[in-house]
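Please look through the structure below with its strands in mind.

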Amino acid sequence: NVVEDLDGDGIEDFYDPDDDNDGFSDASELAYGSDPRDPDSLVNSSPDGITLNNLRVAEGRPVGDLVGTVRASDPDDANGTGAYEFDFVDGNGSADNGSFTLDENGTLRTATVLDFESNASRSIRIRVADEHNASLEKSFVIEVINLPEQNALPVKQPPPALPDWLA
């Protein structure tokens, strides 16, 4: 009898739950549509969450002001060390993508000086993709916080009324 042990782990393939020793069971690879005998054919789930740690920005801040950080969660990345790419995408909720920048680390910054009086909220749409290009998109609404205008002219007060006896 010849014992077949594709991955050389000492467990005959018939009894081995992971024939190619890639960390994914043969059953999950078959369900996903990948080859359970090929260690380069991996099961991959899309990221299942995108978070932005801050949804508010003060008006009048300079271009490049830090708004927050975008993070992804992925069922394939239990310890949170995966590589992700963040980008703005067109679609529902992307009207104000041009008002911000988003770098490869997920850092969101202002691309314009925001003004509460012209628009009290801004909507952006972000796509996250994992190293196998499985992706998820989500929209966020950024609230622009109204601050007292520093260059506003003082309001002129009417002169005090004269007492009756002087009038």
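Four strands form an open sheet in the order β1-β3-β6-β5, with antiparallel pairing. Strands here are DSSP runs of E with at least two residues, numbered from the N terminus, and two of them pair if DSSP finds at least two bridges between them. β1 and β5 are the edge strands, each pairing on one side only. From one strand to the next the twist averages 25°, taken between axes that are lines fitted to C-alpha atoms, with angles from 0 to 180 degrees between N-to-C directions. Within the sheet, β3 is joined by 3 bridges to the antiparallel strand β6, residues 107-110. Thr-69 has Thr-107 in β6 as its bridge partner.

This is a predicted model: local features need pLDDT of at least 70 and side-chain atom pairs count only at pLDDT 80 or more, while totals for chains, interfaces and linings use all residues. Residues are numbered from 1 along each chain as its sequence is written, and side-chain values use heavy atoms, leaving out hydrogens and water.

The largest nonpolar core has 17 residues; among the members that touch the most others are Val-70, Phe-86 and Ile-126. Such a core is a set of buried Ala, Val, Leu, Ile, Met, Phe, Trp, Tyr and Cys residues joined through side-chain atoms within 4.5 Å. Buried means under 20% relative accessible area, exposed over 50%, and partly exposed in between, with a 1.4 Å probe and protein chains only. The elements giving two or more residues to this core are β1, β3, β5, β7 and β8.

Asn-133 lies in the loop between β7 and β8. Asn-133 is not a glycine, yet has a positive phi of about 70°. Asn-133 is exposed, at 52% relative accessible area.
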